[in-house]
Amino acid sequence: MAAESPLESLQNEAACPICRELFKDPVVIDCGHSFCRVCITQCWEGSDTNFTCPQCRETVQQRNFRLNRQLANVLEIARRLSAQAAKGAGGKGLCREHQEPLNLFCQEDQAPICVVCDRSRAHRAHTVVPTEEAAQVYKEKVQAYLETLREEREKLLGFKVIGEGKTWEYLIQTQAERQKIVSEFQQLRQFLEEQEQLLLAQLEKLARKVVKIQNDNASKLSEEISRLSELISELEGKGQKPASELLQDFRKTVSGCEAGKFQQPVEISPELEKRLSDFSQENIVLMATLRKFKDTLLSEPETGAHRQVTVTLDPDTAHPQLALSEDRRHVRWGHARQDLPDNPERFDTELCVLGYEGFTLGRHCWEMEVGDGERWAVGVARESVRRKGWISHNPEGGIWAVQRWGRQFQALTFPETPLPLSRVPRRIRVSLDCEWGQVAFFDADNEAPIFTFPPASFTGQRIRPWFWVWTGSRLRQCC
C-alpha cells in the first residue's frame with residue numbers, strides 16, 4: 001500500500017475523532033484532545049458528572065471546553081493546501097463540503113466524493129472506487145449508448161428516405177393520373193363539341209330545306225293571288241257590260257276559272273317530316289343520356305359527390321393583422337396590428353385564420369375568390385395545427401393547401417410542388433373527403449383540376465378551412 005502523502009496525513013490529523021470529518025469549530029477539553037463543538041456537546045448530552053473523553057476515556061470533573069484557535073488556523077491552512085492540490089490534479093474539482101479533491105466515486109449514489117466523504121457515515125457502507133476507474137467504466141457505457149443511438153438514427157434516416165421516396169412516387173402517380181384525367185376530359189370535351197357542331201349543322205340543313213319550301217310556296221302563292229286578282233277584275237268588268245259583249249268570248253273568259261287550274265302550294269314531303277321527327281327523337285335520347293351522366297357525377301358517392309358548404313371565418317383564430325368583414329366571409333391583410341386578446345386559439349406569428357366550420361365525416365367543398373392578389377394560400381388544416389410561433393405550411397405541419405407567391409403557384413408539399421398552369425385561377429374550389437383523407441383543388445371557373453394531395457389519415461381529427469393572407473391580398477367566400 002502506498003504511503004500517505006503529507007497532505008493526506010495532515011487531513012487525517014485534522015479530522016474529528018467522533019465524526020471523522022474535518023474539524024468544525026474545534027474545541028479542546030481538559031485532557032488535551034480536540035473535537036468539533038457540536039460532536040462533543042452531543043456526546044456529553046444527558047450526563048451531569050463523570051464526563052469521559054471519547055478518545056482516551058479519561059474522566060474530567062467538569063463539562064468544560066474551550067476554543068482551540070491554533071487548530072482552527074491549521075484547518076484553514078489545510079483547506080488552502082487541498083484547494084491548491086486540486087488545481088494541480090487536473091481539474092477534478094473540490095468537494096463543496098470538505099474542499100477536498102473529488103478523487104473517488106460512490107457507486108450507490110452515482111456521484112464523485114472526496115476522501116473525507118468516504119470516511120463519513122453517509123458513505124461508510126458504500127462501494128467506492130477511484131474516479132479514473134469509474135470514468136473508464138462509464139466511458140464504455142457511453143460508447144455502448146452512442147452505438148445504439150447511432151444505429152437508431154440510421155434506421156430513422158432510412159425510414160425518412162424511404163418515406164420521401166414513396167411520397168414522390170405517390171406524387172408522380174397522382175400527377176400522371178391528373179394528366180390522364182385532363183387528357184380524357186379534353187377528348188370528351190372535343191368529342192362533345194364535334195357532336196354539337198354536327199347536330200347543329202344537320203339541324204341547320206333541315207331548317208334551310210323547310211325555309212326553302214316555305215319561300216317557294218310563298219312565291220308561287222303570290223303569283224297565283226296576282227293572277228286570281230286579274231281574273232276577278234276581268235270578270236267584274238265583264239259583268240258590267242251589255243249582254244252582247246258579255247257573251248262574246250265567254251268560253252275563253254271562264255276557261256281560266258275552271259277548277260284545277262289554280263296551282264296548289266307545295267307541302268312538306270313525308271320524307272322531310274320523318275327526318276325532322278327522327279332528329280327530334282335522337283336529340284331527346286342524347287339529351288337524356290347527357291343529363292343522366294351529369295346527374296350520376298353529381299349524386300353518386302362512388303364518384304366523390306361533395307356537399308357545397310358556406311364558410312365563415314373564426315375571429316378567435318385570426319392573426320391581429322388580418323381584418324375580417326362583418327359577415328365574416330371576407331379577409332384582407334391590414335397595415336395596423338389590432339389590439340386583440342392573445343387567446344390560445346389565435347395565430348400570433350403567421351398571418352392565418354381558420355374557418356369556423358369543422359368537418360370529421362363526409363365530403364364537402366367550398367369556393368374562394370382570390371382575385372389578383374399575389375401572396376395568399378387556401379386549403380384545410382387539422383384542428384390541432386400549431387397557433388403560436390412559426391408553423392410549417394405542409395401536411396407535416398397539419399396543413400394541405402395551394403399557394404401563390406408572386407409569379408409562383410405551387411402546392412404546399414415538402415418541398416413545394418410547382419403547378420404549371422397557363423394562368424392562376426381567380427376562384428378556387430377546395431374539396432375535402434374526410435373518409436378517404438383526400439384534399440383536392442379545382443379552378444372553379446372551368447372545373448379544371450389543379451392539384452390533389454396523396455391520401456392522409458383524418459380519422460378522429462376535425463378538419464377546418466385554412467387561409468393565409470399577406471401584403472396586398474384578400475380572400476372572399478363565394479356565394
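Which strands does helix 2 lie across? The close-ups below come from a predicted model, and the first one takes up that question.

**View 1. Helix 2 on its strands.** Helix 2, residues 37-44, lies across strand 1, strand 2 and strand 5. Against strand 2, the helix runs at about 90 degrees.

**View 2. The open sheet in the order 2-1-5.** Here are three strands in an open sheet, with antiparallel pairing. Strand 2 (34-36) and strand 5 (65-67) sit at the edges with a single partner strand each, so one side of each has no neighbour in the sheet. On average, neighbouring strands are turned by 40 degrees against each other, ignoring direction. Strands of a sheet pair through backbone hydrogen bonds.

**View 3. Where strand 1 meets strand 5.** Zoom in on strand 1 (residues 26-29) and you'll find three bridges joining it to strand 5, with the two running antiparallel. Look for I29, which stands opposite F65 of strand 5.

**View 4. Helix 5 from end to end.** This helix covers residues 131-239, which makes 109 residues. At 1.5 Å a residue it should span 162 Å, and the C-alpha atoms at its ends are 154 Å apart, so the two values agree. Buried residues in helix 5 include A134, L171, R178 and L206. Further ones to pick out are N217, E224, L231 and K238, also buried.

**View 5. The hairpin of strand 19 and strand 20.** Strand 19 (residues 438-443) and strand 20 (residues 449-452) run antiparallel, joined by three bridges. A440 stands opposite T452 of strand 20. Five residues lie between the strands of this hairpin, where E447 takes a positive phi near 65 degrees.

Notes. Residues are numbered from 1 along each chain as its sequence is written. This is a predicted model: local features need pLDDT of at least 70, side-chain atom pairs count only at pLDDT 80 or more; totals for chains, interfaces and linings use all residues. Side-chain values use heavy atoms; hydrogens and water are left out. Helices (H or I, at least four residues) and strands (E, at least two) are DSSP runs, numbered from the N terminus. The expected span of a helix is 1.5 Å times one less than its number of residues. Buried means under 20% relative accessible area, exposed over 50%, partly exposed in between (1.4 Å probe, protein chains only). Two strands pair if DSSP finds at least two bridges between them. Axes are lines fitted to C-alpha atoms, for helices over the stretch in contact, and angles run from 0 to 180 degrees between N-to-C directions. Contact means heavy atoms within 4.5 Å.
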